[in-house]
Amino acid sequence: MEIINTEIPGLLIIKPDIFTDERGYFYESYNKEKFLSAGIAPDFVQDNESRSSKGVLRGLHFQKEPHAQGKLVRVITGAVFDVAVDLRNGSPTFGKWSSIVLSGENKLMYWIPEGFAHGFLTLEDNTIFSYKCTGKYNKQAEGAIRWNDPQLAIRWMIDEPILSEKDRTAPLFSEYISELTASASK
């Protein structure tokens, strides 16, 4: 397993060791000891999976404190353009985003620690996306930022994605900052 740093500290690409032969392939998608030795110490409590058609965009989603979630994400079949946005207040990369293409073919994984918004665009039909979470989903703590927020200027690979109503009308990043500022002054 190889751990690859991104331009945002804590946000990591994980390249597993893949063993192939005439029967197919095998790899470890998670090994607690190897993650700990790489300085990643998640306590996973929930696994999620979604299947989406090509052109579906899910995100940008996050869970507010004290219910924040770290996520280990990967694609089982198909491909996604995966994006993480740093929402850690006081971080030197606050408001910056990083992206990666995850696919069933490349088998890369993305470690997204607590304090990030996350979203992905499916690049192929019948894409199956899997993620392990360090916290349980909490409806009252759910948050979202608009996928096409001009301040974030994420370069999605599509102009007109298939969106849920929640994602279509999510607050702008400036609204998130205002809410963060207001709660910090209390």
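Does Asp-86 count as buried or exposed, and at what relative accessibility? Asp-86 counts as buried, because its relative accessibility is 0%, and the cut-off for buried is under 20%. Keep in mind that this is a predicted model. Here are my notes.

1. **Asp-86 and its polar partners.** Asp-86 sits in strand S8, which covers residues 79–86. Its side chain has a polar contact with the side chain of Thr-93 at 2.5 Å. The Asp-86 side chain also reaches a backbone atom, the nitrogen of Arg-88, at 2.9 Å.

2. **What else surrounds Asp-86.** Setting aside residues up to four places away in sequence, Asp-86 touches Ile-8, Ser-91, Thr-93, Phe-94, Gly-95, Lys-96, Gly-115 and Phe-116. So Thr-93 turns up both in this list and as the side-chain polar partner, given that Asp-86 is buried at 0%.

3. Asp-82 is buried but has no salt bridge. If you go looking for an opposite charge, the nearest such side chain is Lys-71, 8.7 Å away. What Asp-82 does have is a polar contact of 2.9 Å between its side chain and that of His-118.

4. **The contacts of Asp-82.** Beyond its neighbours within four places in sequence, Asp-82 is in contact with a list of residues that includes Val-73, Leu-102, Tyr-110, Ile-112, Phe-120 and Phe-129.

5. **S8 against S9.** Strands S8 and S9 run antiparallel and are joined by 7 bridges. Within this pairing, Val-83 stands opposite Ser-99 in S9. Strand S9 takes in residues 97–103, and it is largely enclosed by the rest of the structure because 5 of its 7 residues are buried.

6. **The six-stranded sheet.** There is an open sheet of 6 strands with antiparallel pairing, in the order S1-S2-S10-S7-S12-S5. Its edge strands are S1 (2–5) and S5 (46–52), each of which pairs on one side only. From one strand to the next, the twist averages 25°.

7. **The S5 end of that sheet.** Which strand does S5 pair with over 7 bridges? The partner is strand S12 (residues 127–133), and the pairing is antiparallel. One point to find on screen is Arg-51, which stands opposite Ile-128 in S12. As a reminder of the background, strands of a sheet pair through backbone hydrogen bonds, either parallel or antiparallel.

Technical notes. Residues are numbered from 1 along each chain as its sequence is written. This is a predicted model: local features need pLDDT of at least 70, side-chain atom pairs count only at pLDDT 80 or more; totals for chains, interfaces and linings use all residues. Side-chain values use heavy atoms; hydrogens and water are left out. Two strands pair if DSSP finds at least two bridges between them. Helices (H or I, at least four residues) and strands (E, at least two) are DSSP runs, numbered from the N terminus. Axes are lines fitted to C-alpha atoms, for helices over the stretch in contact, and angles run from 0 to 180 degrees between N-to-C directions. Buried means under 20% relative accessible area, exposed over 50%, partly exposed in between (1.4 Å probe, protein chains only). A polar contact is a pair of N or O atoms within 3.5 Å; within protein, one must be able to donate a hydrogen and the other to accept it, and residues adjacent in sequence count only if both atoms are side-chain atoms. Contact means heavy atoms within 4.5 Å. Lys and Arg count as positive and Asp and Glu as negative; His and the chain ends are not counted. A salt bridge is a side-chain nitrogen of Lys or Arg within 4 Å of a carboxyl oxygen of Asp or Glu.
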